[in-house]
Structures are given as C-alpha cells and as structure tokens.
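Dear colleague,

Please find the structure below, handed over for your review. A short account of the findings follows it.

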Amino acid sequence: MDEFRLERLPWLPVLDCDLNAELDAIQALVNDANESEANLQEAVLRLRGLANHQLKVTDAYRLERFVERFSGNSSFNHEMQACRLGVIANSTLELLRGPLRVAALRHGIAVELVTSPYNQAYEFISNPNSPLYQNACDVILLALDQRNLPFWPEQGESFQRLFEHVQDMLELLKENTKARIILQTLALPSEATFGRQPGDENDLYENVRIFNRYLVELATRFDCLIFDLEALTASVGVFRWHSPVQWCLNKQPFAPDMLPLYCDHIGRLLTSIYSLDRRCLVLDLDNTLWAGVVGDDGVERLVMAQGDPVGEAHRRVQQMALRLKQSGVILAVSSKNEPDTARLPFQVCADMVLREEDIAMFEASWQDKATQLQAISEHLGMPLHQFVLLDDNPAERKQVREALPDVAVPELPADPAWFPEIIMAAGYFAEAGSSEAGDQRTRQYQENHQRQVHRSRIGDYDQYLASLEMRLRVQAFSQRSLGRVAQLIQRSNQFNLTTRRYSETELLALMADSESVTFQAELMDIFGNNGIISLVICRQYQQVWEIESWLMSCRVLSRRVEEALFNVVLTEARNQGITCLIGCYIPTGRNKLVESFYADLGFTQLVSSSSNQEGESTRWQLRVEEAQPIKVSRSLPQVEYITY
C-alpha cells in the first residue's frame, strides 16, 4: 500500500461490476418480492454488498436514489433496522444525505434524515413544532462547528456563556424527545498558530480541546454518545480534513473527499446504538498470523518473532487480535490445514502471542472458507452478520464475499504491517470491556461448543436438555449486575418483544421506582455459567403488570429458559396480588422469532393495536387466576428465585 488514506475507506474493495446492470437485476428481484420473501432478502443483501465497496461520489448518489424508491416499503425496511436520524448543525451539511444513507445501508440500517436549517441549531431545538419532534427522531446528532458557535471566548474570556448555551440545547432535547443523542466534538482547526506553547489560553487549538473536554463531561451527564471528531481529524490530518475554499463558498465544515469517512463514522455509531456491531474476528493462519505455510515449511520455519521486519508485522496482527479479545471480541480460526498441524504453532512456538485458549472456535479443514465460517457460526451460536474475516488471500476473500455477504471481509494490502491499521480503522468492533470480561466471554463460547458436541452425541433433544442439568437463578436487577443488564438490553434483538433500550441511568431510576418490577435470569449447567441471559421489566398499574420488556440472549435459544422464567413471573404476580398481565409485541426487522411468544404462553390478543414503520404491534392479556404455569419436567431448568 503506497499511501494509507482513511478518506478512501481502504478496507472496502473497489467496485468491479457495472452498477447500473446490478441495480437493474436488484429491481427485478424487488418486483418479484410479493411472491418470494427470499427474493426480497437477496435484494437487500445485494444492495448492502454494493454499499460495502469504495464508490465514486456519483455512484454513491445513484445507489442512494435507488434505495430511496423503497423508503416507504415496509416489507423492504423490514429486512433492515429503520432509523429516523435528526442532524442538528450550525454549518452546511446538504451533501450529507446520499453518502450517509449509503454508509447506513452498509451497516444494515435504513436511515430517514431530518436536518436543521443552516446555522439555526438552537432555534431548531427550541421550537416545539420543529420537525425534530414532529417526526419523532430515534437518534439525534448534535454536530457543532467552532467557526459558527456563539459566545466563543476571545482574548482570555470565559467559556461560561458558551457552556451554558450548549447545556441549554441538551436540556431541551432531553425534555422534548426520547431519542438517543450523539454529541460531536469539535474538529481540530487548520489555522496553525506559529510559535504556540501548550497551555496558552489564547491558542485556538487549546480552546478547542478545552471545549471538547467539556462536551465529554456533558455527554456523561446527559447520557449521550460521543462522536470524537477531534480524534478523527487528528488521524486524517487537519490540512486534509478542512477545505477553506468550501467553508468560504458554502460553509461546508470539511473537504468533500472526507464526506464518506464522516458518514461511515456516523454509521458505526448507529450500529452501536442498535447493537449491530461485529463481535467475532475470524483469523486465517498462514501468512496472516505468521509468515510461511505451516504444512509445508514446518513450525520451525514460521516467521513471527521480534527483530525480523516481517515477523514484527505478523506479531502486530496477533497483538491486535489479543487486544480485541481482551475487550470482549470473540476470536475464531478458519484455516485450510490439517487440524493438528494448524494447532501446533499455538502449542509449541514461544514467539506466538496468541494461545489456543484465546480461540473460542478452531476450524481447520480442507473445506472452502465460506463453509468453515458457516460451521463456526453454527457451533458458536453467532449469526454471520457479527463476523469479520481477516485473510491475506484475495481469492479466499472474494469467495466469502460472494457466498456470505453478511460477513465483513476487509480488503488487505500485500504488506501485513498494514493489517492492524485496516481492521482498527474500519471500526468493526466497539472496543469496550475489560480483560476479565473478554476471557469470560471466550470461555462461554468455548463451553457452548462443548454443548454442541454433547448434543450431537445424545441425539434426542429432550434428553439432551435433561442431561445439561440446567439451573436458572432469578432475582431483581442489582447494582452489581447493572453493567451486564444494560449490555444485554442494548444487544438483544432476535428474542426481544419490544426492543426498548435503557441506559444505565434509566435502569437506576427504574430500580428505585416502587411501581417497577424487574427480573434477571442467570443460567448454569454442567459445562459452566452462561451468565445473565434473560430480563423482564414490568410496570405496575393498580393490579396490573404491564410487561414493558422481555428479552433473552440468542446464545440460549431453545433451552426453555423463557418457560421457566414465565413460571417465576406468574408466581410472583400472584404473590403480589396482581390480577392481570399485559404484554406487547412490537415487530422489528429482526424479532420475528417471538411473534407468537405471548400466544404460546396462553395470552389472549387484545383488539387494540398500532403500527410503526416496520409493522403492526399487538397487545396481549393473561388473567393471572386463570393462567396455567408450564409443567415442570427434567428438560425444564430448575429455578432458584432470590427475593430481597
């Protein structure tokens, strides 16, 4: 790679097909979608595949206009996560719409955009009839530019008035909307101050950093996400990021070439909000984790040691993978090799940074890479859209992209020294968590693989469940479990009746509310502890419990956890004198799995219903005195209910 240019999105392959011909073929699939749901799914995958390429600006707008035709098609949106995004800016972001929708499409999100007029951020927020509130935005991005900020301090003036101005905007947003707010830091300025000294109170660089530190503090106080534009401009280079010409012409806050990168970072934040980020890094071995081919060269000739330039490059790849694992990302191996041969370097090479216990699933065979990835997905119980494949071989990358378009396959240069930069610049993973959390997650997936092997040996599914000797520990939310509860709420999509999201601040308020009842369920069996895997949140109205949220990790699907937990909820409702349970199912693009959940438990559908942009929601009722608990059997988890 001659030059690493972030704005070119170098992890994406260059488009090598005729865009117009491909769009015509997709249009034909959509036209037939009424007869074949599979056609519609394929159309969405192919559109996402196009978005997962480096596109010329004209091609990006052509793709966006094509997608716009289907923005009102509920069946089409059902295949993606719908998001109404409000962008509040004091600069001109008129060119944002096309590239942003393409970037969101790349991440599986269908974006509808609401934007503020030029330099009217405060007016747009403070107007109760603003489109921001009338259109009920799901997410709001507050993207301010220093050059148009009022009350910017000059010559030693205080920041106080400006701080209060921004705080007022956030307070108004919190009062008038339930949208998740993204707070963007200021870009570093391009106007260099020659002879500047760090800490100079009149220096523009220093003042931007002071203000950005305040924004981070506000983000914590108001439970906002941060879009760290300061860090992004530092990575790209301030003189490449800014265009004085474009600012003078139309107040565009960055150079046109930076638009795809800017939009991609917004897309990443949306994937984090909707828990669509990647969670598993699948590693090739030969010429990826080390230089050489273990089957041909033998272990002793593999290069991965310090002191050798090529070895240093491959060692950095391993170090990056280990850091990701420590932050909670699951590592797997996909290698065309004999299994014992592929494992040998992990077992005997002192220069290996990664060890066998760091790998949750080790797939080595002579099958093609797509087949190997499908096997890893099945054994780990993780969907393919959570996978990233790191493979030095262009042919293998192409085969996986075509066979499994859900898998992220970053384009890689010939020099492995660039591999870590490509993976981290692409932003596939939300790096959050501790080394202990990463180790625990890896162990859980390794244990899940052991369960899969155990199941294949037993055959009969009820006998398999009984042999697991499952125990379900149920109790109310606690301060100690708050982090895991919040994480599960944010990440659960398939088994989630309403997909309501709660921040830790909201969960603390809920725990202190006497009218709220919470249940968390922790599942254990002979192979280990799955941790907290299911949650129920109820609100009490007189003698009625309304089930506001019921969700479960997809790792324990078909383990009868929901039935055992239902027995606990029903028993506790009777003990509390509750006469009726009310449940709601709100359909999304990803929770069709639980469409009949309440009906299966004996609830009766109420006549009232409502519609959202993804489908019709339904309400369900269960009379407590008439309800029948699930019959206890050996295949049902044994329950321990802890009360305080």
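Glu175 is exposed, with a relative accessible area of 64%; exposed means over 50%, buried under 20%, and partly exposed in between, with a 1.4 Å probe and protein chains only. This model is predicted, so that local features need pLDDT of at least 70 and side-chain atom pairs count only at pLDDT 80 or more, while totals for chains, interfaces and linings use all residues. Residues are numbered from 1 along each chain as its sequence is written, and side-chain values use heavy atoms, with hydrogens and water left out.

Glu175 belongs to helix H8, residues 160-176 (helices are DSSP runs of H or I with at least four residues, numbered from the N terminus).

Ala25 is found in helix H1, residues 19-31, and is partly exposed at 29% relative accessible area. Between Ala25 and Arg46 there are 21 residues in sequence and 9.7 Å in space, C-alpha to C-alpha.

As to the cysteines, the structure contains zero disulfides (pairs of cysteine sulfur atoms within 2.5 Å). Cys584 is in no disulfide, and the nearest cysteine sulfur, that of Cys538, is 13 Å away. Cys584 is buried, with a relative accessible area of 11%. Cys349 is also buried, at 11%.

Note on methods. Helices (H or I, at least four residues) and strands (E, at least two) are DSSP runs, numbered from the N terminus.
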